[in-house]
Amino acid sequence: MIYVYGICDPSDAALALRRRGLGGATLRALEHGGLAAVYSRHRSLQPRPLPKLVLHHERVVEAVMATGAVLPLRFGTQLEDEEQLVALLTARHDELTRSLERVRGKTELGVRVISVDPPGAGQADERTGRDYLLARVRAHRRHEQAIHDVHAALGALSEASCIREPGPIPAILVAAYLVDSERVAEFRRQADRLAGRPAGTRMIVTGPWPPYSFATEQP
């Protein structure tokens, strides 16, 4: 059984190989068709998404990213053997090559906009069901405007973006942005300018991260 961490240029795998993989396994690099896959061998491995193991996976990917472009694979990616890995690199060679070029010199930043209006805010003045519904409609419109304003402004500073389903309130926007490494500071400054608009919202920016959201071609 082999566990695969990411895909990179052959010349960029060396730094990562100085680390250890999950369970202390030796890290290896398989080169094929101008691509390299960083992986480790295991007699048996059932990686559970525990924080310690996920962080270990992340550190290996970040070690590759410190040298050059990387297409990080999701935690838990396993294959039977090196032959299956070669088959994957062969079948997806053109896609992986294009994706690697797309993320070269770039990093991923995460943005989350959440509502900080306390539950039931304003309900003291909402004496009827109609008043309550109108208040909810106004809040929904504010949130939609926040999504539009934030995404338009930050999207203009990124090479690509991905909006995810935000889930239940308080989250109203959850997005990832592929940003040129030289524009990360500019992106953060823009996020600071947008923070708190509209009133009752808060913005959280995380990263830089390996480009997990952009490791494959978007449909």
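## Strand pairing and the sheet

Strand S6 (residues 106–115) and strand S8 (residues 171–180) run antiparallel and are joined by nine bridges. Within this pairing, Arg 112 stands opposite Val 174 of S8. The model described here is predicted.

Both strands belong to an open sheet of four strands, in the order S7-S8-S6-S9, with antiparallel pairing. The edges are formed by strand S7 (160–164) and strand S9 (201–209); each has a single partner strand, so one side of each is left without a neighbour in the sheet. On average, neighbouring strands of the sheet are turned by 20° against each other, direction ignored.

## Helix on the sheet

Helix H5 (residues 184–194) packs on this sheet and touches S6, S8 and S9. The direction of helix H5 makes about 170° with that of S9.

Strand S9 contains Pro 208. The peptide bond leading from Gly 207 to Pro 208 is cis, and its omega is near 10°.

## Salt bridges

The model has a count of seven salt bridges. One of them is formed by the side chains of Glu 82 and Arg 41, with an N to O distance of 2.6 Å. Glu 82 lies in helix H2 (residues 82–91) and Arg 41 in strand S3 (residues 35–41), so the pair ties together parts that are 41 residues apart in sequence.

## The second largest pocket

The second largest pocket holds about 170 Å³ of space. Its lining divides into eight nonpolar, two polar and two charged residues.

Among the lining residues are Leu 71, Pro 72, Leu 73, Arg 74 and Thr 77. Leu 88, Arg 92 and Leu 96 also line this pocket, as do Ile 7, Tyr 212, Ala 215 and Thr 216.

Methods. Residues are numbered from 1 along each chain as its sequence is written. This is a predicted model: local features need pLDDT of at least 70, side-chain atom pairs count only at pLDDT 80 or more; totals for chains, interfaces and linings use all residues. Side-chain values use heavy atoms; hydrogens and water are left out. Two strands pair if DSSP finds at least two bridges between them. Helices (H or I, at least four residues) and strands (E, at least two) are DSSP runs, numbered from the N terminus. Axes are lines fitted to C-alpha atoms, for helices over the stretch in contact, and angles run from 0 to 180 degrees between N-to-C directions. Contact means heavy atoms within 4.5 Å. On a 1 Å grid over the protein atoms alone, a cavity is a set of points where a 1.4 Å probe fits but cannot get out, and a pocket is an open set with protein on both sides within 12 Å along at least five of seven lines; lining residues have an atom within 4 Å of a point. Grid points are joined across faces, edges and corners, and a volume is the space filled by probe spheres set on the points. Ala, Val, Leu, Ile, Met, Phe, Trp, Tyr, Cys and Pro count as nonpolar, Asp, Glu, Lys and Arg as charged, and the others, Gly among them, as polar. A salt bridge is a side-chain nitrogen of Lys or Arg within 4 Å of a carboxyl oxygen of Asp or Glu.
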